[in-house]
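Dear colleague,

Please find the structure below, followed by an account of what was found in it.

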Amino acid sequence: MLIQMVTIMVKPGHADDFLEAFRINYEGTRQEPGNLRFDVLRDPDDANKFLIYEVFRSEAALEEHRRTPHYQKCVSLLEPIQTGPRTKVFYHAEMADFLADATAD
């Protein structure tokens, strides 16, 4: 199981562009067999700051995700509107609803 939280800051005036571009990745990722959860969150105090909560069955599933056309397209659309590089933090789940789904397969 691999969990990552990705922070993305977009330039002022581009939050709607971000949401439109990221929907491509969101919809495609939720169809991937290796994805268990994929949430797009917005900071209530900064409308240009987004947190992506991603859960994949394995590191291999994440690597497979990064090779998908929807991921590649999203990244290319986001690069010009980001204020800087995305930051990523990895975690291990201790208690979560998706743990039962991951072990059932």
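Asn25 touches Phe38, His65, His70, Tyr71 and Cys74, leaving out residues up to four places away in sequence; contact means heavy atoms within 4.5 Å. This is a predicted model, in which local features need pLDDT of at least 70 and side-chain atom pairs count only at pLDDT 80 or more, while totals for chains, interfaces and linings use all residues. Residues are numbered from 1 along each chain as its sequence is written, and side-chain values use heavy atoms, with hydrogens and water left out.

Asn25 has its place in helix α1 (helices are DSSP runs of H or I with at least four residues, strands runs of E with at least two, numbered from the N terminus). Asn25 counts as buried because its relative accessibility is 2%, buried meaning under 20% relative accessible area with a 1.4 Å probe, protein chains only.

Asn25 also belongs with Val6, Glu54, Tyr71 and Arg86 to the residues nearest the centre of the largest cavity, which 16 residues line. A cavity is a set of points on a 1 Å grid over the protein atoms alone where a 1.4 Å probe fits but cannot get out, and lining residues have an atom within 4 Å of a point. α3 gives the most to this lining, with four residues.

The largest nonpolar core has 13 residues; such a core is a set of buried Ala, Val, Leu, Ile, Met, Phe, Trp, Tyr and Cys residues joined through side-chain atoms within 4.5 Å. To this core α1 gives the most, with four residues.

Yours sincerely

Conventions. Buried means under 20% relative accessible area, exposed over 50%, partly exposed in between (1.4 Å probe, protein chains only). On a 1 Å grid over the protein atoms alone, a cavity is a set of points where a 1.4 Å probe fits but cannot get out, and a pocket is an open set with protein on both sides within 12 Å along at least five of seven lines; lining residues have an atom within 4 Å of a point.
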